[in-house]
Number of protein chains: 2
Amino acid sequence: MRHDRHSPIGVFDSGVGGLTVLKALIERLPLESTVYLGDTARVPYGTKSPEVVTKYSLANAEVLLEYGVKLLVVACNTASAAALPALREALPIPVVGVITPGATVAAHATKTGKIAVIGTPGTIASGAYQQALASIRTDLEVHTQACPLFVPLAEEGWVEGEVPRMVAEKYLSGGLLSRGVDTLVLGCTHYPLLSTIIQQVAGPAVTLVDSAHATADRVAEVLQERDLLKRERLATERHYLVTDTPNRFIEVGARFLGHSISGARQIDLKLKG
Amino acid sequence: MRHDRHSPIGVFDSGVGGLTVLKALIERLPLESTVYLGDTARVPYGTKSPEVVTKYSLANAEVLLEYGVKLLVVACNTASAAALPALREALPIPVVGVITPGATVAAHATKTGKIAVIGTPGTIASGAYQQALASIRTDLEVHTQACPLFVPLAEEGWVEGEVPRMVAEKYLSGGLLSRGVDTLVLGCTHYPLLSTIIQQVAGPAVTLVDSAHATADRVAEVLQERDLLKRERLATERHYLVTDTPNRFIEVGARFLGHSISGARQIDLKLKG
């Protein structure tokens with residue numbers, strides 16, 4: 001399908017987490033139309049293999065292309081870590097992931113040169129943040145920690161109180177923050193919901209970096225470069241697609257987007273192989 | 001594919017949880033060959049809709065039929081709650097779920113007539129336990145609670161200590177156990193891993209019911225009725241199939257099965273619609 005500056009921006013994630021990126025995108029580029037796809041029938045991606053995450057990502061992209069999107073945002077760290085090269089090879093439009101924008105902010109924010117990255121097991125095992133940070137600055141010391149329970153905590157809405165605090169202490173106090181780290185990258189789009197607790201456990205000397213705003217800035221840059229920015233207030237549309245029934249997405253998603261979602265359409269993915 | 005008494009028993013689950021049922025089955029019927037399928041590319045089922053869980057269950061069953069299984073065990077409470085009628089209609093072999101066996105044990109164990117059932121959001125929302133219990137005894141009082149964080153805790157191996165205790169207290173102390181309940185059904189195959197903590201929180205007056213052994217007994221009965229029990233010690237085989245890469249299944253699965261898994265084969269599901 002052809003696209004021009006009036007075409008929507010496509011955004012996908014394994015589920016609701018990417019809505020934190022969509023939120024930043026809408027704030028940064030309020031005139032743009034958006035189509036968001038949450039692969040709720042297969043969520044989560046963070047504990048699955050790179051092969052399977054790549055297969056799901058290509059299928060998500062194919063659906064969004066049918067909606068005529070002019071740019072694709074991979075609003076999921078695990079999918080950005082596993083599938084960016086395959087997506088860029090397969091698609092005729094620009095693809096923006098969340099890892100390089102977040103890594104860039106972190107590399108410029110740190111004073112001690114010591115950065116911690118937390119994420120899903122898939123993202124951490126991929127080494128994508130370590131690689132992105134090393135390509136920006138060669139003098140950084142990077143420490144990583146997978147935090148698999150943060151996603152279910154955020155989805156359950158348990159974002160304050162004793163349980164998330166103890167989980168955060170268990171993940172973060174085991175050496176990750178005891179090495180002069182002054183910057184902590186929230187390497188999963190679910191984690192901003194837990195940022196209050198994470199900041200309390202990390203202490204005031206540590207700056208939290210969330211890639212949502214940096215990703216929105218990068219999208220604005222790419223559209224500007226290609227003369228694809230929408231400049232009119234007319235006909236700005238928001239579409240939401242999901243692969244499972246919409247109820248839970250609409251209910252849980254509102255917490256991530258910061259306002260209610262009026263409706264979402266259920267679709268089927270065409271999975272190959 | 002034709003089957004006879006030498007054919008294997010097929011068992012499927014969304015991932016590793018059903019291995020607690022396989023373990024009971026191997027103890028009860030050690031001569032039987034088994035084929036276990038964990039749908040690790042789509043795990044978990046417990047937060048997904050009945051429609052999607054039914055679609056995945058039918059695809060799992062189709063793979064196991066190709067292995068010539070003589071009986072199918074649905075070793076997942078969510079899939080038993082959502083998909084048993086569809087599976088029984090579609091398959092030419094007997095299908096045994098985990099809900100009726102567990103409900104039967106609970107209905108006979110209770111003295112106060114007050115039973116609590118905990119499970120995934122999908123299982124609890126389905127009302128399947130309430131229905132199964134009511135069909136066995138009409139005088140029961142049934143209280144239910146969804147415990148979505150128990151699955152990730154069990155998979156992460158956080159089965160003792162402060163975090164699981166506080167999560168269990170948060171789920172169970174909010175009225176569920178304060179009504180004269182003397183029997184608590186672990187309505188998810190992951191929960192037996194957390195039974196020590198759950199028993200501590202529930203107190204010694206409450207009997208925990210886990211459907212693994214009751215399900216194994218039911219399988220033995222059905223095979224006996226149909227003269228399909230394998231009686232020879234020869235050629236007893238164990239096969240493990242997964243839909244994502246096998247590494248994580250082999251690593252995490254050992255905790256559920258109680259011994260190591262030598263290998264698992266990755267397969268693709270044929271999903272329809």
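Working chat: domains and chain contacts

Modeller: The C-alpha centres of domain 1 and domain 2 of chain A lie 22 Å apart, the domain bounds being taken from an automatic or database domain assignment. This is a predicted model, in which local features need pLDDT of at least 70 and side-chain atom pairs count only at pLDDT 80 or more, while totals for chains, interfaces and linings use all residues. Residues are numbered from 1 along each chain as its sequence is written, and chains are lettered from A and ligands numbered from 1 in the order in which they are written.

Colleague: Which residues belong to domain 1 and domain 2 of chain A?

Modeller: Domain 1 of chain A is made up of 9-97 + 213-266, and domain 2 of 100-211.

Colleague: And how many residues of the two domains of chain A are in contact?

Modeller: On the domain 1 side there are 26, in contact with 23 of domain 2 of chain A, where contact means that C-beta atoms, placed from the backbone, lie within 7 Å.

Colleague: Which element gives the most to the domain 1 side there?

Modeller: That is α3(A), with five residues; helices here are DSSP runs (H or I, at least four residues), and strands are E runs of at least two, numbered from the N terminus.

Colleague: Switching to the chains, how many residues of chain A are in contact with chain B?

Modeller: In chain A 22 residues are in contact with 22 residues of chain B. On the chain A side, α2 (50-66), α7 (150-156) and α8 (162-172) each give two or more residues, and α8(A) gives the most, with five.
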